[in-house]
Amino acid sequence: SEFAARVMVNKTEAAMWYNRAMAQGHVGGLFNMGLCCHKGIGVAVDLARAEELLLKAAQQGHLGAQIMLGRRFEKGLCGIQDEARAARLYRRAAEQGYAEGQVRLGLCYETGSGVPANPAQAAELYKKAAEQGDAYGLVRLGLLYYYGQGVLQDMARAAKLFEGAADLGHVDGQHNLGLCYSEGEGVARDMVRAVELFRKAAAQGHADA
(Lines give C-alpha, C1' and ligand atoms only; values in the text may rest on other atoms or scores of the structure.)
Protein backbone atom coordinates (compact mmCIF):
# COMPACT_ATOMS: atom_id res chain seq x y z
CA SER A 1 0.00 0.00 0.00
CA GLU A 2 0.96 3.65 -0.32
CA PHE A 3 1.16 3.97 3.47
CA ALA A 4 3.45 0.95 3.80
CA ALA A 5 5.68 2.28 1.04
CA ARG A 6 5.88 5.67 2.76
CA VAL A 7 6.83 4.01 6.07
CA MET A 8 9.58 2.04 4.31
CA VAL A 9 10.95 5.23 2.72
CA ASN A 10 10.94 6.97 6.12
CA LYS A 11 12.83 4.06 7.71
CA THR A 12 15.38 4.07 4.92
CA GLU A 13 15.84 7.83 5.29
CA ALA A 14 16.22 7.46 9.05
CA ALA A 15 18.94 4.83 8.59
CA MET A 16 20.68 7.16 6.11
CA TRP A 17 20.69 10.03 8.61
CA TYR A 18 21.90 7.79 11.43
CA ASN A 19 24.70 6.60 9.14
CA ARG A 20 25.68 10.21 8.43
CA ALA A 21 25.63 11.08 12.13
CA MET A 22 27.77 8.02 12.85
CA ALA A 23 30.27 9.05 10.17
CA GLN A 24 30.51 12.46 11.83
CA GLY A 25 31.40 10.84 15.14
CA HIS A 26 28.07 11.22 16.96
CA VAL A 27 27.69 8.46 19.54
CA GLY A 28 23.90 8.59 19.16
CA GLY A 29 24.36 7.84 15.47
CA LEU A 30 26.40 4.76 16.36
CA PHE A 31 23.69 3.53 18.73
CA ASN A 32 20.78 4.21 16.39
CA MET A 33 22.57 2.65 13.41
CA GLY A 34 23.31 -0.37 15.60
CA LEU A 35 19.58 -0.65 16.34
CA CYS A 36 18.80 -0.37 12.63
CA CYS A 37 21.21 -3.20 11.81
CA HIS A 38 19.85 -5.26 14.70
CA LYS A 39 16.18 -4.87 13.76
CA GLY A 40 16.49 -4.40 9.99
CA ILE A 41 15.14 -0.85 10.06
CA GLY A 42 15.91 0.70 6.69
CA VAL A 43 18.80 -1.71 6.17
CA ALA A 44 19.25 -5.47 6.01
CA VAL A 45 19.53 -7.26 9.36
CA ASP A 46 23.23 -7.62 10.25
CA LEU A 47 23.71 -8.78 13.83
CA ALA A 48 27.51 -8.78 13.66
CA ARG A 49 27.52 -5.17 12.46
CA ALA A 50 24.92 -4.24 15.06
CA GLU A 51 27.06 -5.66 17.87
CA GLU A 52 30.14 -3.86 16.55
CA LEU A 53 28.33 -0.50 16.46
CA LEU A 54 26.68 -0.96 19.85
CA LEU A 55 30.03 -1.89 21.38
CA LYS A 56 31.61 1.28 19.99
CA ALA A 57 28.71 3.34 21.34
CA ALA A 58 28.99 1.65 24.75
CA GLN A 59 32.72 2.35 24.88
CA GLN A 60 31.95 6.02 24.23
CA GLY A 61 29.58 6.10 27.20
CA HIS A 62 26.18 5.68 25.52
CA LEU A 63 23.85 4.47 28.29
CA GLY A 64 21.35 2.70 26.04
CA ALA A 65 24.14 0.78 24.31
CA GLN A 66 25.67 -0.26 27.63
CA ILE A 67 22.38 -1.62 28.91
CA MET A 68 21.37 -3.29 25.65
CA LEU A 69 24.73 -5.00 25.21
CA GLY A 70 24.82 -5.95 28.87
CA ARG A 71 21.46 -7.70 28.56
CA ARG A 72 22.60 -9.51 25.42
CA PHE A 73 25.79 -10.77 27.04
CA GLU A 74 23.89 -11.74 30.19
CA LYS A 75 21.38 -13.78 28.19
CA GLY A 76 23.92 -15.25 25.78
CA LEU A 77 22.52 -13.46 22.74
CA CYS A 78 25.94 -12.35 21.47
CA GLY A 79 27.09 -15.86 20.63
CA ILE A 80 28.38 -16.48 24.15
CA GLN A 81 27.00 -15.91 27.62
CA ASP A 82 29.34 -13.60 29.52
CA GLU A 83 27.84 -12.48 32.82
CA ALA A 84 31.07 -10.78 33.93
CA ARG A 85 31.10 -8.64 30.79
CA ALA A 86 27.43 -7.83 31.30
CA ALA A 87 28.16 -6.70 34.85
CA ARG A 88 31.00 -4.46 33.61
CA LEU A 89 28.67 -2.81 31.10
CA TYR A 90 25.99 -2.28 33.75
CA ARG A 91 28.65 -0.80 36.05
CA ARG A 92 29.60 1.78 33.42
CA ALA A 93 25.97 2.85 33.16
CA ALA A 94 25.56 2.82 36.96
CA GLU A 95 28.64 4.98 37.44
CA GLN A 96 27.06 7.58 35.15
CA GLY A 97 24.10 7.70 37.53
CA TYR A 98 21.71 5.79 35.27
CA ALA A 99 18.99 4.17 37.40
CA GLU A 100 18.52 1.13 35.15
CA GLY A 101 22.26 0.48 35.24
CA GLN A 102 22.20 0.71 39.03
CA VAL A 103 19.31 -1.75 39.29
CA ARG A 104 20.82 -4.22 36.83
CA LEU A 105 24.21 -4.11 38.55
CA GLY A 106 22.38 -4.48 41.85
CA LEU A 107 20.73 -7.65 40.55
CA CYS A 108 24.17 -8.95 39.58
CA TYR A 109 25.40 -8.42 43.15
CA GLU A 110 22.21 -9.83 44.66
CA THR A 111 22.40 -13.04 42.63
CA GLY A 112 26.17 -13.35 42.13
CA SER A 113 25.85 -13.00 38.35
CA GLY A 114 29.22 -11.94 36.91
CA VAL A 115 30.39 -10.58 40.27
CA PRO A 116 30.75 -12.10 43.76
CA ALA A 117 27.39 -12.10 45.54
CA ASN A 118 27.13 -9.08 47.84
CA PRO A 119 23.59 -8.21 49.01
CA ALA A 120 24.84 -5.13 50.90
CA GLN A 121 26.32 -3.74 47.67
CA ALA A 122 23.06 -4.59 45.89
CA ALA A 123 21.16 -2.60 48.53
CA GLU A 124 23.38 0.44 47.98
CA LEU A 125 22.77 0.32 44.24
CA TYR A 126 19.02 -0.18 44.63
CA LYS A 127 18.94 2.76 47.03
CA LYS A 128 20.58 5.04 44.46
CA ALA A 129 18.02 3.99 41.84
CA ALA A 130 15.14 4.32 44.31
CA GLU A 131 16.24 7.86 45.17
CA GLN A 132 15.78 8.68 41.48
CA GLY A 133 12.23 7.37 41.61
CA ASP A 134 12.96 4.10 39.82
CA ALA A 135 10.02 1.79 40.57
CA TYR A 136 11.91 -1.47 40.20
CA GLY A 137 14.72 -0.11 42.37
CA LEU A 138 12.11 0.54 45.06
CA VAL A 139 10.76 -3.02 44.72
CA ARG A 140 14.21 -4.68 44.88
CA LEU A 141 15.29 -2.60 47.87
CA GLY A 142 11.98 -3.37 49.56
CA LEU A 143 12.56 -7.10 49.12
CA LEU A 144 16.00 -6.85 50.73
CA TYR A 145 14.46 -5.11 53.75
CA TYR A 146 11.59 -7.61 53.80
CA TYR A 147 13.92 -10.62 54.00
CA GLY A 148 16.81 -8.90 55.81
CA GLN A 149 19.35 -9.53 53.07
CA GLY A 150 22.28 -7.10 52.99
CA VAL A 151 20.37 -4.82 55.40
CA LEU A 152 18.72 -5.22 58.78
CA GLN A 153 15.24 -6.66 58.38
CA ASP A 154 12.66 -3.86 58.55
CA MET A 155 9.14 -4.76 57.50
CA ALA A 156 7.84 -1.22 57.89
CA ARG A 157 10.52 0.13 55.59
CA ALA A 158 9.87 -2.69 53.12
CA ALA A 159 6.16 -1.82 53.03
CA LYS A 160 6.98 1.86 52.53
CA LEU A 161 9.24 1.04 49.59
CA PHE A 162 6.61 -1.25 48.06
CA GLU A 163 4.10 1.58 48.49
CA GLY A 164 6.39 3.94 46.57
CA ALA A 165 6.60 1.47 43.70
CA ALA A 166 2.85 0.79 43.82
CA ASP A 167 2.15 4.52 43.61
CA LEU A 168 4.22 4.55 40.41
CA GLY A 169 2.03 1.76 39.03
CA HIS A 170 4.60 -1.03 39.33
CA VAL A 171 2.86 -4.40 39.40
CA ASP A 172 5.31 -6.03 41.84
CA GLY A 173 5.01 -3.04 44.16
CA GLN A 174 1.22 -3.42 44.15
CA HIS A 175 1.38 -7.18 44.75
CA ASN A 176 4.03 -7.03 47.47
CA LEU A 177 2.25 -4.21 49.29
CA GLY A 178 -0.94 -6.24 49.06
CA LEU A 179 0.85 -9.13 50.78
CA CYS A 180 2.02 -6.77 53.52
CA TYR A 181 -1.55 -5.61 54.15
CA SER A 182 -2.97 -9.14 54.00
CA GLU A 183 -0.45 -10.44 56.57
CA GLY A 184 -0.10 -7.28 58.66
CA GLU A 185 3.62 -7.09 57.96
CA GLY A 186 5.05 -3.59 58.32
CA VAL A 187 1.52 -2.12 58.21
CA ALA A 188 -1.73 -2.72 60.07
CA ARG A 189 -3.64 -5.66 58.60
CA ASP A 190 -6.24 -4.41 56.12
CA MET A 191 -7.85 -6.96 53.83
CA VAL A 192 -9.87 -4.34 51.95
CA ARG A 193 -6.69 -2.52 50.99
CA ALA A 194 -4.96 -5.83 50.22
CA VAL A 195 -7.71 -6.94 47.83
CA GLU A 196 -7.66 -3.53 46.13
CA LEU A 197 -3.91 -3.86 45.51
CA PHE A 198 -4.17 -7.48 44.35
CA ARG A 199 -6.85 -6.43 41.84
CA LYS A 200 -4.62 -3.69 40.49
CA ALA A 201 -1.74 -6.17 40.13
CA ALA A 202 -4.01 -8.74 38.49
CA ALA A 203 -5.23 -6.13 36.01
CA GLN A 204 -1.60 -5.75 34.93
CA GLY A 205 -1.19 -9.49 34.54
CA HIS A 206 0.55 -10.47 37.78
CA ALA A 207 0.31 -14.25 37.91
CA ASP A 208 0.00 -14.53 41.72
CA ALA A 209 -2.46 -11.68 42.28
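**Salt bridges, core and cysteines**

Tutor: By salt bridge I mean a side-chain nitrogen of Lys or Arg within 4 Å of a carboxyl oxygen of Asp or Glu. Keep in mind that this is a predicted model, where local features need pLDDT of at least 70, side-chain atom pairs count only at pLDDT 80 or more, and totals for chains, interfaces and linings use all residues. Residues are numbered from 1 along each chain as its sequence is written, and side-chain values use heavy atoms, with hydrogens and water left out.

Student: How far apart are Glu 196 and Arg 193 in helix 11?

Tutor: They sit three residues apart in helix 11 (residues 191–203), so about one helical turn separates them. Helices here are DSSP runs of H or I with at least four residues, strands are runs of E with at least two, and both are numbered from the N terminus.

Student: What does Glu 196 do with Lys 200?

Tutor: Their side chains meet in a salt bridge, 3.7 Å from N to O. Both lie in helix 11, four residues apart, about one turn of the helix. Lys 200 is partly exposed, with a relative accessible area of 41%.

Student: How many salt bridges are there in the whole structure?

Tutor: Seven, from a search of the whole structure. Arg 49, Glu 52 and Lys 56 are linked in a network of them. Within it, Lys 56 and Glu 52 pair up at 3.5 Å, N to O. Those two lie in helix 3 (residues 47–59), four residues apart. Lys 56 is partly exposed at 36% relative accessibility, and Glu 52 also has 36%.

Student: OK, new topic. Which residues touch the most other members of the largest nonpolar core?

Tutor: Leu 69, Leu 105, Leu 141, Phe 162 and Leu 177, out of 53 residues in that core. Helix 8 (residues 135–147) gives the most to it, with seven residues. A nonpolar core here is a set of buried Ala, Val, Leu, Ile, Met, Phe, Trp, Tyr and Cys residues joined through side-chain atoms within 4.5 Å.

Student: What is Phe 162 in contact with, leaving aside its neighbours within four places in sequence?

Tutor: Val 139, Gly 142, Leu 143, Tyr 146, Gly 173, Asn 176, Leu 177 and Cys 180. Contact means heavy atoms within 4.5 Å.

Student: How many disulfides are there?

Tutor: Zero, taking a disulfide as a pair of cysteine sulfur atoms within 2.5 Å.

Student: Last one: what does the secondary structure come to?

Tutor: The protein chain has 11 helices and zero strands. Buried residues make up 39% of its 209 residues.

Technical notes: Buried means under 20% relative accessible area, exposed over 50%, partly exposed in between (1.4 Å probe, protein chains only).
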